[in-house]
Amino acid sequence: METGQVKFSMYLQYIRAMGWGYTIMVFVVYFIQNVAFIGQNLWLSDWTNDAMRYNNTEYPASVRDTRVGVFGALGVAQGIFVFFGTLLLANASVNASRMLHSRLLNNIMRVPMMFFDTTPTGRVVNRFAKDIFTVDEAIPQSFRSWILCLMGVVGTLFVICLATPFFAVIILPLALLYYFVQRFYVATSRQLRRLDSVSRSPIYSHFGETVSGLSVIRAYGHQERFLQHNSKTIDENLKSVYPWIVSNRWLAIRLEFVGNLVVFFAALFAVISRNSLDSGLVGLSISYALNVTQTLNWLVRMNSELETNIVAVERVSEYSELENEAKWITHTRPDEKWPKDGRIDFQNFKVRYRPELDLVLHGITCNIQSSEKIGIVGRTGAGKSSLTSCLFRIIEAAEGSILIDDIDIAKIGLHDLRGRLTIIPQDPVLFSGSLRMNLDPFDKFSDEDIWRVLELSHLKEFVSGLQEGLQHEVAEGGENLSVGQRQLVCLARALLRKSRILILDEATAAVDLETDNLIQNTIRTEFSHCTVLTIAHRLHSIMDSSRVMVLDAGKIIEFDSPDNLLEKRGHFYAMAKDAGITQEDTMM
């Protein structure tokens, strides 16, 4: 969480997002509107003196028409300028909101995965929910109110000084008093707003976790515990909201006192100089002075509110400037048909999740030939998933390199790399939308191609039985499909892509044996020409692999054919024995 005064660069960033042209025009239009307002009041003040000028004589019609016409024209001018000022500010605010939101979204979509590993989801949602709402709604209103209050205060002081020039002597002491009250209040209010924003994130996180795990919570009867935790997070948030309300009351008392001083001195100087002053102007001056308490009060409040709301821009900016992944497309681009062979070469490859953490892969060196079927096994935490993540550059290398068909993957763009590899993950990923969109999101393939892969993935009968067929609406996360069906949809997606390299990240860990057999048979036949890396949950599924890589603590401890590894009676043999697999099973 940031502390101290909001940097002036945050104001400049918001103004740049609005556009300098818009900002200058808004100030100019509101200034002219305020001049018209003061001019109307001065004109009315002068009009009241006509009673003395034309005492006991007929009031000329031409003078009357002039007075009414000018007064009316100044009123209409105010309306026009307020309308244009509001319109310009609305357009500028929409521009700023759109730009800040787009910048935030584009950056969040490109930050490394380690950011999401270390940042609670609620904190990210809070940026897109509360902070963007503040940028959309609160800041434009605060900005407009601040401009109006500032113009009102300047206009009031101008009118009072015009009526009683001695008042100019009092302006500086009163301004200093106002300044110190404001600075003391703003510093407190700003930090309380920051605490409010920070303490709101756990509410979002907890609510999201509760909704996603509702079935488990109910199954174990833990509703009360989650309700109590929700109340606790809300109470923590209110600890910063209530002091903020109290600080507003503190400010109101002091501003009312200083505002009363303005009225007192304006009236005092008017009485002292009563013999030399115009009565109409003095009346206007006192009426302005009576209103200045409220205007100054609102100016300080709006100044504080603007500064506390600009914290939202600071928070959005923080996530808009996070370090991104590598470039999407680089100057070094592989051939259109890359990878042709599907050879993978790890050369002393080392990786860590974050710079301050220990290595998770320690000098992996191996060569995988074209069309080889490699099984990857190891105990939990051995580095199996980390190895496959490195192929997609989800995690960047700390040392060493990975070559695919003799091209170093660190030198090409992420789009070129990830677009040429295919993975079937352990947790199938489906989006809200039609089944066809989930299979072919970029609309590259014909319906015939899609029906062909549905048949190969044993889903054709199921999809044919649906009323909408390929246009069947998939619920969020594929909730209206079984786990096995979701996994088969991912398999169909992989069949469509026709990549030379396929990675199975424990793809059959969560499915029944029947679905597992369907997936394995399809992979054996349809991906026979491809290089397949299989992270195995069930050792039976990798016993027909060309070779098996055994990982332990981020190192390759065994790498050979299943038969040879069983004969060696090493780590793989022990794992196979635990799984009830014997050498005779591999012969079958």
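Predicted model: local features only at pLDDT ≥ 70, side-chain atom pairs only at ≥ 80, totals over all residues.
View 1. Residues are numbered from 1 along each chain as its sequence is written, and side-chain values use heavy atoms, leaving out hydrogens and water. Helices (H or I, at least four residues) and strands (E, at least two) are DSSP runs, numbered from the N terminus. β9 (residues 501-505) and β10 (residues 531-535) pair in the parallel sense, with five bridges between them; two strands pair if DSSP finds at least two bridges between them. Strand β6 (residues 421-424) also pairs with β9 in the parallel sense, over four bridges, and here Thr-422 stands opposite Leu-502.

**View 2. Where do the side chains of β9 point?** Ile-501, Ile-503 and Asp-505 point one way, and Leu-502 and Leu-504 the other way. Five of the five residues of β9 are buried, where buried means under 20% relative accessible area, exposed over 50% and partly exposed in between (1.4 Å probe, protein chains only).

**View 3. Four strands make an open sheet in the order β2-β1-β4-β5.** The pairing in this sheet is antiparallel. β2 (361-368) and β5 (407-408) stand at the edges, each with a single partner strand, so one side of each has no neighbour in the sheet. Look for β4 (residues 397-404), which is joined to β5 by two bridges; Ile-404 stands opposite Ile-407 in β5. Helix α11 (residues 384-391) packs on the sheet and touches β1 (344-351), β2 and β4. The direction of α11 makes about 115° with that of β1; axes are lines fitted to C-alpha atoms, for helices over the stretch in contact, and angles run from 0 to 180 degrees between N-to-C directions.

**View 4. Tyr-14 and Met-18 have the most contacts inside the largest nonpolar core, which has 56 residues.** A nonpolar core is a set of buried Ala, Val, Leu, Ile, Met, Phe, Trp, Tyr and Cys residues joined through side-chain atoms within 4.5 Å. The largest share of this core, 13 residues, comes from α10. Tyr-14 touches Ser-93, Leu-100, Ile-139 and Ile-310, among others, not counting residues up to four places away in sequence; contact means heavy atoms within 4.5 Å.

View 5. Among the buried residues of α2 are Val-26, Tyr-30 and Ile-38. What covers the buried residues includes α1, α4, α6 and α10.

View 6. A cis peptide bond, with omega about -10°, joins Trp-338 and Pro-339, and Pro-339 lies in the loop between α10 and β1. Arg-393 is not a glycine, yet has a positive phi of about 60°. Is Arg-393 buried or exposed? At 7% relative accessibility, Arg-393 counts as buried. Asp-443, also not a glycine, has a positive phi of about 55°, and is exposed, with a relative accessible area of 58%.
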